[in-house]
Amino acid sequence: MGRRAVLKFKSSEDAITYVDLLTRRIKVGELIINVKSNVVELKVRGSREAGDIMMAEALKVYGALRARNGGSLDLSVLISMAQPPHPVPFDVVTTALNLRGFPSELNGMKLKTKAPLDLVISIVKSVSSLYADMARMNVTQNAKKIIAVYALLRGLDVSGAIQELIGKGVVRENEKSGFALITASSSFEDYVSTIGSGKGIAH
């Protein structure tokens, strides 16, 4: 027994992007894909159970691409799109989006946002890059979140963000057991509240 779906996109480019992303996530010979301009036809051969799983995955990807101007994004699909080089804490992503004026929240394995998809992907990549840089440093998890958000909003690299935050007293460098450990003066949530009230970012 097989499953079939016909999916329409705004452009042929979107249809091709969809197929590229889908074939990166589903590597099963039973999935047959036909593309005609902006229409993608999917056929799944094999057992009903396998077909249901593959079709559910296909619709996840379709839903993400349709949310180009905001919507509900499956986190696993978003990661496939962004291909971040380092694991991403999505509470940092949602905080950065909210502070840029795009209401966003995590709901289980979905990111609900008013932000355009391209911006979400860009922020995921940026957060991943910042965390990759901090992976080589002695920084607490709480401080990493603060540094990442500050760097994103100020357009700084990790070193620049740390220096400015030390100057503001938001993070501090402590000598411990012969090495410098960077810690935060407050919780991430409290720091985000100070930003929301207009403090914590300006010079």
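This briefing walks through a sheet, its helices, and the charged and aromatic pairs around them.

The model is predicted: local features need pLDDT of at least 70, side-chain atom pairs count only at pLDDT 80 or more, and totals for chains, interfaces and linings use all residues. Residues are numbered from 1 along each chain as its sequence is written, and side-chain values use heavy atoms, with hydrogens and water left out. Three strands form an open sheet here. A search of the whole structure finds seven salt bridges. A search of the whole structure also finds three aromatic pairs.

**The sheet**

- Helices (H or I, at least four residues) and strands (E, at least two) are DSSP runs, numbered from the N terminus.
- The strand order in the open sheet is β1-β3-β2, with antiparallel pairing.
- β1 (3–8) and β2 (31–36) stand at the edges with a single partner strand each, so one side of each has no neighbour in the sheet.
- Neighbouring strands of this sheet are turned by 15 degrees against each other on average, direction ignored.
- Two strands count as paired if DSSP finds at least two bridges between them.
- β1 and β3 (residues 39–44) run antiparallel and are joined by six bridges.
- R3 has V44 in β3 as its bridge partner.
- Strands of a sheet pair through backbone hydrogen bonds, either parallel or antiparallel.

**Helices on the sheet**

- Helix α1 (residues 12–25) packs on the sheet and touches β1, β2 and β3.
- The direction of α1 makes about 165 degrees with that of β2.
- Angles run from 0 to 180 degrees between N-to-C directions; axes are lines fitted to C-alpha atoms, for helices over the stretch in contact.
- Helix α2 (residues 48–66) lies across β1, β2 and β3.
- α2 runs at about 10 degrees to β1.
- Contact means heavy atoms within 4.5 Å.

**D14 in α1**

- D14 is found in helix α1.
- D14 has a relative accessible area of 16% and is buried.
- Buried means under 20% relative accessible area, exposed over 50%, and partly exposed in between (1.4 Å probe, protein chains only).
- Leaving aside neighbours within four places in sequence, D14 is in contact with F9, L65 and R68.

**Helix α5**

- Helix α5 (residues 117–134) has 18 residues.
- From first C-alpha to last, α5 reaches 26 Å, close to the 26 Å expected at 1.5 Å a residue.
- The expected span is 1.5 Å times one less than the number of residues in the helix.
- The buried residues of α5 include L117, V120, I123, V127 and Y131.

**Salt bridges**

- A salt bridge is a side-chain nitrogen of Lys or Arg within 4 Å of a carboxyl oxygen of Asp or Glu.
- Side chains of opposite charge can pair when their charged atoms come close.
- R4 forms a salt bridge with E41, with the closest N and O atoms 2.7 Å apart.
- This pair links distant parts of the chain: R4 sits in strand β1 and E41 in strand β3, 37 residues apart.
- R4 counts as exposed at 56% relative accessibility, whereas E41 is buried at 18%.
- K60 forms a salt bridge with E57, the closest N and O atoms being 3.9 Å apart.
- K60 and E57 both lie in helix α2, three residues apart, about one turn of the helix.
- K60 also forms a salt bridge with D74, at 3.8 Å between the closest N and O atoms.
- K60 lies in helix α2 and D74 in strand β4 (residues 71–74), so the pair ties together parts 14 residues apart in sequence.
- K60 is partly exposed at 33%, E57 is buried at 16%, and D74 is buried at 9%.
- Salt bridges link E57, K60 and D74 in a network.

**Aromatic pairs**

- Rings of Phe, Tyr and Trp (its six-membered ring) pair if their centres lie within 6.5 Å; planes under 30 degrees apart count as stacked, over 60 as edge-to-face and the rest as tilted.
- F9 and Y62 form an edge-to-face pair, 5.2 Å centre to centre with 85 degrees between the planes.
- F9 lies in the loop between β1 and α1, and Y62 in helix α2, 53 residues apart.
- Y18 and Y62 form an edge-to-face pair, 6.3 Å centre to centre with 80 degrees between the planes.
- Y18 is in helix α1 and Y62 in helix α2, 44 residues apart.
- F9 and Y62 are buried, and Y18 is buried as well.
- Ring pairs join F9, Y18 and Y62 into a cluster.
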